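Here is a short walk through one structure. Keep the sequence and the 3D view side by side, and follow along.

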Amino acid sequence: MAWQRDGNCRAPDRRLFEPRGGRQMYNIAAQSPGPNKYVTTRRDTRSVGDIANILHADLDAFYASVEQLLNPALRGKPVLVGGGVVVAASYEAKAMGVSPPMNIRRALALCPRAVVVSGSFDQYLDLSRRVMDVCRDFTPYLEQISIDEAFLDVSGSVHLFGPAATIAGEIRRRVKQEVGLPISVGVARTKFLAKVASGQAKPDGVLVVDPETETEWLHALPVRVMWGVGPVTEARLHSRGIVTIGQLAEASEASLAHWLGPGIGRHFHALSWNRDPRSVVTERRAGSVGAQSALGRGHSDLESLGQVLLRLADRVSSRMRAKNRAGRTLTVRVRFDDMSRASRAVTLPAAVASTAALHHAGLPLLADAQGDAGRNLTLVGIAVSKLEVGGPLQLELPFDDGDPIRAGSKIGAAHLLVDRKVDLARDRFGRDAVGRASVLLGKKGGMPDEFRELAEKS
Ligand SMILES: [Mg+2]
């Protein structure tokens, strides 16, 4: 169980945390002799969904805050983390109008005194783990969604630690005291609303959304705070006169489907009424490994799209190899410039984990998804599923020596060997120390891959 990871933090029995409203509910009987005695208590008449028991905890300007923590000279100063692009900005820099992701030159024009740092990756991972450990002291129902944010279901913890608001305050106090970082927490009835609330609580705050008045509260907010509304969707909604979430809620689902596409329309309509049945998913066993790349204005040329695919294959396969995994099903997803999407998948005869194999198998899928018209793509993503442990390590009999997909073929084995050496060199000298020439040359001052990987790691 995730609890006893290091043996230095003995957490209470998981049964203490059973969410209320389940088939059975446990509570500690104060008078019960000895440890591990539970009694079933009266069931709460309200169902789980009526109570604000979901927390969204989100570290404030995480990478920038870590840099300020590590280097006291940076505290109180505008700090930009990144390379060609600002990946994170301290609140001092945000106050000057810097907002990630922004070109670093533009950010420096807005904020000339800013200190630019390239990033302390090992420290980010270590501090993130320590923060999540603090959160897990309050509930085992934790779903980490990125390096610096997590959902927590505290339905079963309130009888141990007090109401959700108290738990939120306690998490903030301990993260500040024990790790040294500011964290904001939103508390609400659904994941969606908790996420909106933590955003509104920033910087360094807590916000509890009362279920009685949540609709009024949500409807007064601008559409941009909705999870999934980026600048493009925001502009589309504004052009229809929809500025607040209340106005979005008043629009019919059919209109939203017409303007934004059926899936997105239905999704936003439900969220605008806080209809979000998603529960906090713990111990998510990664069933797939994926990465995606947004292409700005878009590309239609298959050669440059192939380069994007190669970089994605490189990122995904190195993560798979680091976890000693290989996968059989490859999915390529694309988004067109009219926001519509397409995907193609193939299940391979054997599990693969080499960059070349994913690239080789992905190219025809990409071409097929793009269609004969050679449409303009604004996003390419790949995912590998049907994962197996240790797959490519056991070489199969070499049936077909020319097949780059099979790890057991001569060429497949050679590719895997190259990948292993690349992985080893990167371990020692950093992500950009070595790579396929076409991948390295195709790079143009975008978001550094280390940040993409941290974001994908969760
Ligand atoms: Mg954050």
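Start with one pair of residues. V79 has V115 as its bridge partner in β7. Keep in mind that this is a predicted model. V79 belongs to strand β4, which covers residues 79-82. Strand β7 covers residues 115-117. The two strands pair in the parallel sense, over three bridges. Move along β4 to V81. There, V81 stands opposite V117 in β7.

Now look to the other neighbour of β4. Strand β5, residues 85-89, is joined to β4 by three bridges. Here the strands run antiparallel. How many residues link β4 to β5 in the hairpin? The hairpin joins them through two residues.

Step back to the whole sheet. It is open and has four strands, in the order β6-β5-β4-β7. Its pairing is mixed. The parallel pair is β4 with β7, and an antiparallel pair is β4 with β5. The edge strands are β6, residues 102-103, and β7. Each of these edge strands pairs on one side only.

Next, consider the faces of β4. Are its residues buried or exposed? Both faces are covered. V79 and V81 are buried on one side. L80 and G82 are buried on the other. A helix also passes here. Helix α1, residues 62-70, lies across β4, β5 and β7. It runs at about 115° to β4.

Leave the sheet and turn to a pair of helices. Helix α4 spans residues 121-136, and helix α6 spans residues 164-179. They pack at an angle of about 140°, with their axes 10 Å apart. Angles over 145 degrees would count as roughly antiparallel. The two helices are therefore oblique to each other. Their crossing is right-handed.

Which residues make this contact? From α4 come L127, R130, V131, V134 and C135. From α6 come I171, R174, V175, E178 and V179. Sorted by class, the contact of α4 with α6 has seven nonpolar residues and three charged ones. No polar residues take part.

Notes
Residues are numbered from 1 along each chain as its sequence is written. This is a predicted model: local features need pLDDT of at least 70, side-chain atom pairs count only at pLDDT 80 or more; totals for chains, interfaces and linings use all residues. Axes are lines fitted to C-alpha atoms, for helices over the stretch in contact, and angles run from 0 to 180 degrees between N-to-C directions. Angles under 35 degrees count as roughly parallel, over 145 as roughly antiparallel, 65 to 115 as roughly perpendicular and the rest as oblique. A crossing is left-handed if the near helix is turned anticlockwise from the far one by less than a right angle, and right-handed if clockwise. Two residues are in contact if their C-beta atoms, placed from the backbone, lie within 7 Å. Ala, Val, Leu, Ile, Met, Phe, Trp, Tyr, Cys and Pro count as nonpolar, Asp, Glu, Lys and Arg as charged, and the others, Gly among them, as polar. A residue is buried if 20 or more other C-beta atoms lie within 10 Å of its own, exposed if 12 or fewer, and partly exposed in between; C-beta atoms are placed from the backbone. Two strands pair if DSSP finds at least two bridges between them.
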